[in-house]
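Subject: Structure handover and notes

Dear colleague,

Please find the structure below. My notes on what was found in it follow.

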Amino acid sequence: MNNELLVQYRRELHTHLTDELLPFWTVRTADHVNGGFITHFDQDGHDSGEDEKSLIAQTRSIYTYASAHRAGYGGAENLAELARHGVDYLLTRMWDTEHGGFYWMTNRKGEVLNDQKIVYGQSFAIYCLSEYTLATGDPRGSEYAQKTFDLLQKYASDTRHGGYFEMFHRDWTLKGLGSAGGDRKTLDTHMHLMEAFTSLYECTRQAIHRRKLLEVIDLMVGKIIHPIYSTGVPQFWADWRVAPQIKFNVIWGWDRFTEDGVKREAEDNTSYGHNAEFAWLLLHAIDVLGISHEPYQTHLQNAFSHAVDYGVDWEFGGVFVEGSHGGEVYDREKEFWQQAEVLIGFLDAYRIFGDEKYWQAYANVHRFVMDKMVNHSVGEWWPLMTRQGTPIWTHMSHSWKINYHTVRSMVQSIRRIDKLLTQNKLGLTKDSGQ
């Protein structure tokens, strides 16, 4: 690694972000008739017509525009206005004025299609609304982020075993067993609660938000990541025994399941992308909290190292989808969000630990993304590719494949490359993490 290569990579990321990725969204996403965002586009960037607005897509879009505005992109008030446009819809159409919390799904007109309260979705509401207030100063974001946080403490917090239940009916009564999800807890939801509480605490600096963030971090490192490998375990029973990874009735993402709804090797699989994402989100939380990362050093190093040692495809480029905790690769396809998260994670790992293997891993994935995963003629990323880099799915966006991972990856990767350039200029060997 040298400064010349860092500058080249930074230029590629910045050009993609400002000339392709952000313009893809800013010119086509705002729904000026019904409010909120249109989020379904085919491989040519045309509206594919699905009559839905999901909580995930709306909140992630708000986060994208607010965070990019906060980072100095978009010019003048363009991105701030887009974020405000999304918040207006979220608070007037998706907030439940009777029971509190946000509905899971509306149609394009804002009529409720699914009134359930899914904690995964509530976490993104907290995340985006906190970021929105940090970016614009509009107090509505902080107000509703705190209201949602309070509802989670009242209805979702498990005071016996710790953590949060995740699947609720509209009135916050817990859903049933099995695929209804009432008896399960997941890595995914608790990792995103950590992410959300980090932004909430950064926004409010309230002691309760700090305390609950520290609780979730302790839960992540003490219960949710593997005790030996520091890799993420996907699903648990309520008492934190490892549970087979099943498909829920209300799902997020497009994970590949068998016909019976149970994943292959259901109790021994881990996502390379999630592991890198967890590690860099933990580092960010530690930074916001103002504490040392030394107590978490082993967890961080193991999570990053596992993703590099087993997840990186050194032959064709990119990172695989998932495999066993012990190292066997189960799924060698290339999905967009894993690539996005490991770009940030590998830069953090190299910046913190100084091991050259993390730089080599970053360079590998960077080239795969820039050369194969970005659909340059349109501006967004292909959602899923073969190992060799041929598109399998070709849509540019739907409720699950949205701008959150891709734009955030570019913004955060540029920020980390800038830190590396500063370190090199000052003659430092690694970053303190602060």
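Leaving aside its neighbours within four places in sequence, which residues is Thr231 in contact with? They are Ile224, Ile225, His226, Thr270, Asn275, His306 and His325. Before going further, please keep in mind that this is a predicted model.

Thr231 and His306

Thr231 is found in the loop between α7 (207-224) and β7 (235-237). With a relative accessibility of 0%, Thr231 counts as buried. One of its contacts, His306, has its place in helix α9 (residues 297-311). His306 also counts as buried, at 4% relative accessibility. Not counting residues up to four places away in sequence, His306 touches Thr231, Thr270, Tyr272, Asn275, Gly311, Ser324, His325 and Gly327. Thr270, Asn275 and His325 are therefore in the contact lists of both Thr231 and His306, with contact meaning heavy atoms within 4.5 Å.

Aromatic pairs

There are 24 aromatic pairs in the structure. In one of them, Tyr63 and Tyr404 have ring centres 6.1 Å apart and planes at 75°, so the pair is edge-to-face; the cut-off for that class is over 60 degrees. Tyr63 belongs to helix α2 (residues 55-70) and Tyr404 to helix α12 (residues 403-426), so this pair ties together parts that are 341 residues apart in sequence. Both of these tyrosines are buried.

Tyr404 forms an aromatic pair with Phe124 as well, and this pair is edge-to-face, at 5.2 Å centre to centre and with 90° between the planes. Phe124 comes from helix α4 (residues 119-136) and Tyr404 from α12, so the parts tied together here are 280 residues apart in sequence. As for burial, Phe124 has a relative accessibility of 1% and counts as buried, while Tyr404 is buried with a relative accessible area of 0%. Tyr63, Phe124 and Tyr404 belong to one aromatic cluster, which also includes Tyr120 and Tyr127.

Charges over rings

The charged end of Arg184 sits over the ring of Trp237, at 4.1 Å from the ring centre. The charged end of Arg28 sits over the ring of Phe41, at 5.9 Å from the centre of that ring.

Cysteines

How many disulfides does the structure hold? The count is 0. For Cys128, the closest cysteine sulfur is that of Cys203, at 12 Å, which is too far for a bond; a disulfide would need the two sulfur atoms within 2.5 Å. Seen from Cys203, the closest cysteine sulfur is in Cys128, again 12 Å away and too far for a bond. Cys128 counts as buried, with a relative accessibility of 0%.

Second largest pocket

The volume of the second largest pocket is about 420 Å³. Its lining is made up of 25 residues, and those nearest the centre of the pocket are Trp280, His284, Gln412, Arg415 and Arg416. Two or more lining residues come from each of α2, α4, α6 (187-204), α8 (272-289), α10 (336-353) and α12. The element that gives the most is α12, with 6 residues. Helices α2 and α12 also carry the Tyr63 and Tyr404 pair, and α4 holds Phe124.

Two partly exposed residues

Is Arg93 buried, partly exposed or exposed? At 39% relative accessibility, Arg93 counts as partly exposed. Arg93 is found in helix α3 (residues 78-94). Setting aside residues up to four places away in sequence, Arg93 touches Tyr103, Thr106, Lys109 and Gly110. Ile291 is 198 residues from Arg93 in sequence and 39 Å from Arg93 in space, C-alpha to C-alpha.

Gly176 is partly exposed too, with a relative accessible area of 34%. Gly176 lies in the loop between β5 (167-168) and β6 (184-186). Residues up to four places away in sequence not being counted, Gly176 touches Gly181, Gly182 and Asp183. Between Gly176 and Ala363 there are 46 Å from C-alpha to C-alpha, and the two are 187 residues apart along the chain.

Regards

Notes
Residues numbered from 1 in each chain as written. Predicted model: local features only at pLDDT ≥ 70, side-chain atom pairs only at ≥ 80, totals over all residues. Heavy atoms only, no water. Phe/Tyr/Trp six-rings, centres within 6.5 Å; stacked < 30°, edge-to-face > 60°. Helix = DSSP H or I, 4+ residues; strand = E, 2+ residues; numbered from the N terminus. Buried < 20%, exposed > 50% of the residue type's maximum accessible area, 1.4 Å probe, protein only. Lys NZ or Arg CZ within 6 Å of the ring centre and 35° of its normal. 1 Å grid on protein atoms, 1.4 Å probe; cavity = no way out; pocket = protein on both sides within 12 Å on 5 of 7 lines; lining within 4 Å. Points joined across faces, edges and corners; volume = space filled by probe spheres on them.
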